[in-house]
Amino acid sequence: QLQASGGGLVQAGGSLRLSCAASGRTLGYRAVGWFRQAPGKEREFVAAINWSGGSTSYAESVKGRFTVSRDNAKNTVYLLMNSLKPEDTAVYHCAAPISTGWPVKDYEYWGQGTQVTVSS
């Protein structure tokens, strides 16, 4: 089971760090992805990181502002979000695939999300 945490209310230009923790199973050799869904919008990809942390991928809208990282010893993946904008407001979810490949084609394991609200 994956659980995202760390969301909250922040002013535009501020920062938040989200965490994605795995319980009941280790992330093992799996990549982890971050996604977000704003009210009335479809879920969109934000960022992903491979199992070693050596490869990452970002949506164009967050490049240069967000950084994904992981600590496999703690079985946790992080999303550091800087220079937040009101349009970053959404529920953020982390997800992992069944397979261990990279890049990831499908994510099968999804956790409960955490709300991020950026005020202008």
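**Strands, turns and cores**

Me: In the hairpin of β5 and β6, which turn residue has a positive phi?
Reply: This is a predicted model; local features need pLDDT of at least 70, side-chain atom pairs count only at pLDDT 80 or more, and totals for chains, interfaces and linings use all residues. Residues are numbered from 1 along each chain as its sequence is written, and side-chain values use heavy atoms, leaving out hydrogens and water. Strands are DSSP runs (E, at least two residues), numbered from the N terminus. Between β5 and β6 lie 6 residues, and the one with a positive phi, about 90°, is Gly 53.

Me: How many bridges join β4 to β5?
Reply: Strands pair if DSSP finds at least two bridges between them. β4 (residues 32-37) and β5 (residues 44-49) run antiparallel. The number of bridges joining β4 to β5 is 5.

Me: How many residues has the largest nonpolar core?
Reply: A nonpolar core is a set of buried (under 20% relative accessible area, 1.4 Å probe, protein chains only) Ala, Val, Leu, Ile, Met, Phe, Trp, Tyr and Cys residues joined through side-chain atoms within 4.5 Å. Trp 34, Val 46 and Tyr 92 are among those with the most contacts inside the largest one. Elements giving it two or more residues include β4, β5 and β9 (90-96).

Me: Which residue of β6 stands opposite Ile 49?
Reply: β5 and β6 (residues 56-58) run antiparallel, joined by 3 bridges. Opposite Ile 49 stands Thr 56.

How values were computed
Helices (H or I, at least four residues) and strands (E, at least two) are DSSP runs, numbered from the N terminus. Buried means under 20% relative accessible area, exposed over 50%, partly exposed in between (1.4 Å probe, protein chains only).
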